[in-house]
Structures are given as structure tokens and as C-alpha cells.
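This briefing summarises selected features of the structure shown below.

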Amino acid sequence: MGDTGKVQGQKLVELFNYLIEKQVIISMQLMGSDFERLTCVTGIKQSPDGNRLCIDRPGGFVDEAAKLRDVNLRFNFNGPDRLEYIFTTQGVKHQGRELETPFPPFVERIQRRKDFRMQTAPGTRMLIKEEKLHAILDLGNVSLGGAFGVLRKHNLKNFKGPIFKVDQSITNAGIIVPATKDFQELVIIIKKAEVRRIEHDKTNNRYRYAFEFKALDGKEHHKLTQSIYHFQRLFLQRR
């Protein structure tokens with residue numbers, strides 16, 4: 001596929017076949033809206049107008065797409081080299097549980113490594129203890145590089161506003177991944193993290209926080225990798 005730039009032609013078909021064979025999780029964004037979900041490529045179809053991608057249709061897509069005049073989709077994923085790949089398509093057809101969209105003219109290969117975010121299992125939490133602060137967050141997604149979650153509770157009485165600040169260092173944190181019938185509970189110790197983004201849900205008056213992991217021991221990195229594979233298996237089972 002080359003070292004830089006665009007993937008196109010036969011290399012494009014090979015790349016999409018890789019996504020199908022390996023059941024790679026991809027992120028799909030409905031441009032012009034806040035709708036973004038994880039999904040996967042399920043097949044390639046030939047038509048008189050050219051090849052078309054078959055995408056597993058995320059829940060809620062039909063209602064959101066109906067609000068827009070033009071349906072433009074943006075996708076990104078980690079390729080076989082763990083670099084980030086991005087492409088956009090225009091137009092979509094509904095075929096049962098699948099979406100069909102035309103092949104893009106090319107896929108852009110970004111020269112930076114990206115740790116793909118994976119939706120967590122219900123009950124996955126992050127615990128933080130910093131001096132007088134004890135906090136619990138419900139994690140929505142996680143990657144090898146960080147995590148994103150909503151604050152569930154903390155011990156600071158009568159405190160208003162965000163309990164963390166952007167760029168704040170966190171030195172005592174852990175992630176609890178709940179057990180399932182084929183997966184034992186894991187506790188992952190985060191040696192150091194930093195707050196990268198804060199969002200305020202004004203409707204529910206809740207704060208969401210994005211953390212970047214700055215230091216993990218080798219054993220903890222391995223447990224985090226196991227957890228992400230576990231989340232991916234759960235996602236594929238729900239399809």
C-alpha cells in the first residue's frame with residue numbers, strides 16, 4: 001500500500017478485503033450531525049456504477065440520516081500497520097441491516113499512529129484518588145492511549161463545576177473491567193495520566209473527561225490490551 005499518501009486502485013480493494021477478513025472495527029461519522037458510531041465492513045458488491053462497500057448499519061442511523069438532505073459518511077480505522085486511515089463517501093442505500101455506499105476514490109493514510117477507541121462494556125469504571133479527592137467515572141470508551149468517561153460520583157461536598165482541570169496530572173488511578181462468563185475481572189493500574197478534555201452536559205449537569213495515559217507498566221499495558229480485545233469481541237457479538 002506504499003509508505004505515504006493515498007491508497008487507491010487495486011490496493012484499495014485489498015485494504016477493504018483486509019477490513020472484512022479481520023473484522024476490523026471502524027468509526028463511522030454522519031457528516032453534518034453529531035452521529036458517530038462504531039461498525040465494520042461486511043462485504044464488497046459490484047454494480048454497474050462500480051464497487052460498493054457494505055457496512056453493518058448502526059442503530060439510530062436511519063432516523064439521523066433522514067434529517068439531512070445529503071448523506072455523506074466519514075470513516076476512520078487503524079490499518080494493518082497501525083497507522084490511521086481516513087476516507088469519505090457520498091450517498092447510501094439501505095439493504096436490511098446493511099448500508100451500501102460507493103467506493104471512495106481513495107483512502108488517506110495518515111503518518112501518525114493512533115490508538116483506536118473501543119466502546120467499553122457496561123460497568124467499566126475508572127477510579128481516581130488524588131489527595132483529598134476520590135472519584136468514580138463510568139467509561140464510555142478506551143484505547144491504549146487513553147479513556148473517556150462521565151463522572152459518576154465524588155466525595156467533594158457542595159462542589160460545583162469540573163473537579164479536574166485540563167492538563168492536570170493524575171498519579172493514582174485504576175480501571176475496573178467487569179467479569180463476564182468468559183472473561184475474568186481485570187484491574188488496570190494507570191501509573192500516570194493527564195486530563196486532555198472536559199465536556200459539560202448541561203442538560204443533565206454532568207461532566208465528561210478525556211484522559212491520556214502517560215505511563216503504564218508492561219503488565220498493565222498487557223491487561224489493557226486484553227480488555228480492548230474483549231470489548232471488540234463483545235461488539236461483534238452484538239451485531
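In this predicted model, Glu64 is partly exposed, with a relative accessible area of 24%. Its salt-bridge partner is Lys67, and the closest N and O atoms of the pair are 3.2 Å apart. Lys67 is exposed, at a relative accessible area of 61%.

**Other salt bridges**
- Glu100 pairs with Lys45 in a salt bridge whose closest N and O atoms are 2.8 Å apart. Glu100 lies in strand 9 (residues 98-102) and Lys45 in strand 4, so this pair ties together parts that are 55 residues apart in sequence.
- Glu100 counts as buried at 7% relative accessibility, whereas Lys45, at 37%, counts as partly exposed.
- A network of salt bridges links Asp167, Glu194, Arg196, Glu212 and Lys214.

**Helix 3**
- The 20 residues of helix 3 (residues 218-237) should span 28 Å at 1.5 Å a residue, which agrees with the 29 Å between its end C-alpha atoms.
- Glu220 and Lys223 lie three residues apart in helix 3, about one turn of the helix. Both are buried, and they form a salt bridge with closest N and O atoms 3.1 Å apart.
- The buried residues of helix 3 pack against several strands, including strand 3, strand 13 (133-142) and strand 19 (206-215).

**Hairpins**
- Strand 2 (residues 26-30) and strand 3 (residues 36-39) run antiparallel and are joined by four bridges. Met28 stands opposite Arg37 of strand 3. Five residues separate the two strands of this hairpin, and Gly32 in the turn has a positive phi of about 90 degrees.
- Strand 4 (residues 41-45) and strand 5 (residues 52-56) are also antiparallel, with four bridges. Ile44 has Leu53 as its bridge partner in strand 5. Six residues lie between these strands, and Gly50 in the turn has a positive phi of about 120 degrees.

Terms used:
Residues are numbered from 1 along each chain as its sequence is written. This is a predicted model: local features need pLDDT of at least 70, side-chain atom pairs count only at pLDDT 80 or more; totals for chains, interfaces and linings use all residues. Side-chain values use heavy atoms; hydrogens and water are left out. Two strands pair if DSSP finds at least two bridges between them. The expected span of a helix is 1.5 Å times one less than its number of residues. Contact means heavy atoms within 4.5 Å. A salt bridge is a side-chain nitrogen of Lys or Arg within 4 Å of a carboxyl oxygen of Asp or Glu. Buried means under 20% relative accessible area, exposed over 50%, partly exposed in between (1.4 Å probe, protein chains only).
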